[in-house]
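Morning, everyone. Please have a look at the sequence and the structure while I bring them up.

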Number of protein chains: 2
Amino acid sequence: MTDDPDPRFLRSRQAMLDAARELLLAHGPGAVTHHRIAEHAGIGRATVYRHWPQPEQLLAEAMATVPLPFFEAPASPFRPWLAGEFTSLARELELDEVRAVATTLANAALWNPGMDARRAGFAGVLSRRLAAALTAAEQAGELSLRGEPSDAAALAIGPLYYRATIERAPADAALIERCVDAVGVWTSR
Amino acid sequence: MTDDPDPRFLRSRQAMLDAARELLLAHGPGAVTHHRIAEHAGIGRATVYRHWPQPEQLLAEAMATVPLPFFEAPASPFRPWLAGEFTSLARELELDEVRAVATTLANAALWNPGMDARRAGFAGVLSRRLAAALTAAEQAGELSLRGEPSDAAALAIGPLYYRATIERAPADAALIERCVDAVGVWTSR
């Protein structure tokens, strides 16, 4: 953590982050150690320690680059828009890297406050965006929400997350339709 | 792995498994190493290696003792029975130990075939039991299933798992009711 603007500094930092992501994806979070990152990136171990004194910081920073491009631009008609968003999310969750990041975050958050903050950030963004989209759909007269909008993420993203990480099977169109229907009663197609 | 019936052998094996569970619960799966188990259980490191050459085997065995007492004895009226089962499952998922085991399994399964087999076992038992209970409810005329019974676990357990491990918040009665309603249309209360 320094303000050094040296381009070599930035390049070596990126090389270490790339190495951390590759090790996470190939071997799991236990492989993201100073020793293996130094070896994988071809950089001295002391340099890795200088940037990230704790391996958890490095793992968290490498994971932070995963984008979260869901529920950002709700548009009427909302039902097909939402089905499209859930389909994109389901396809993302079938990627090894996304599954690795999501399950590492859920697991590491139990013991590491920095990872827990990152988990809370992801969960909060998804929950707020989805609730805002559903409120807009209701105001447009296209949806009658059942229950609290803040429960929608658990009810509709939860099944896709469970299918991808616990059942380890694809979410087909039928399951995605049922996630769309789980949030409320749609008065338009 | 040996057939030694010596009671001291069994006692030390149990002490190592207890140490593995305690280390997992307190510090996460990265702490379940031969070195720390030997230290925690007061047993020589060579003994730990003799029982479990790989630390993953030890972690998997320590986790295997977590019971899975859900959806075992379906009974009419099925709707309140199911609400009770989901409530028990939600309360279990709020326990640190259960969250630790569930998220470690989902994460480690991505890289470790033994852990993946254990994950598949857990997921399969829950899915089959729930599908059988819902089929019985339908045959009793209490439920009109929507979609495939094999989707019910994702639709109803998924929200509780996401709430407990990603949102890290309690599942209240309203969310549990919506999980009950996610499986189909109930024709009885």
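Let's begin with residues 10-70 of chain A. That stretch is 69% helix and 0% strand, and its end C-alpha atoms lie 29 Å apart. Helices here are DSSP runs of H or I with at least four residues, strands are runs of E with at least two, and both are numbered from the N terminus.

Before going on, the ground rules. This is a predicted model: local features need pLDDT of at least 70, side-chain atom pairs count only at pLDDT 80 or more, and totals for chains, interfaces and linings use all residues. Residues are numbered from 1 along each chain as its sequence is written, chains are lettered from A and ligands numbered from 1 in the order written, and side-chain values use heavy atoms, without hydrogens and water.

An unreviewed UniProt entry annotates them as "domain: HTH tetR-type". The UniProt record, also unreviewed, marks residues 33-52 of chain A as "DNA-binding region". Such annotations may be inferred rather than shown by experiment; positions follow the numbering used here, and feature names are shortened. Residues 33-52 of chain A are 75% helix and 0% strand, with end C-alpha atoms 11 Å apart.

Now the two chains together. How is chain A superposed on chain B? A rotation of 180° does it, with 0.0 Å of shift along the axis and an RMSD of 0.0 Å. In chain A, the C-alpha nearest the axis belongs to Gly158(A), at 2.3 Å.

Next, the contact, meaning heavy atoms within 4.5 Å. Chain A gives 44 residues and chain B gives 44 residues. The buried area is about 3600 Å², with 58% from carbon and sulfur atoms. That is the accessible area (1.4 Å probe) lost when the two parts are put together, summed over both. Trp111(A), Tyr162(A) and Arg178(A) supply 21% of what chain A buries against chain B, more than any other three residues.

What about charges? Between the chains there are four salt bridges: a side-chain nitrogen of Lys or Arg within 4 Å of a carboxyl oxygen of Asp or Glu. Arg168(A) forms a salt bridge with Asp116(B), with the closest N and O atoms 3.5 Å apart.

Finally, the elements. Helices 1, 6, 7, 8 and 9 of chain A each give two or more residues to the side touching chain B. Helix 8 of chain A gives the largest share, 10 residues.

Definitions and conventions
Copies are superposed by least squares on the C-alpha atoms of residues with pLDDT of at least 70 in both.
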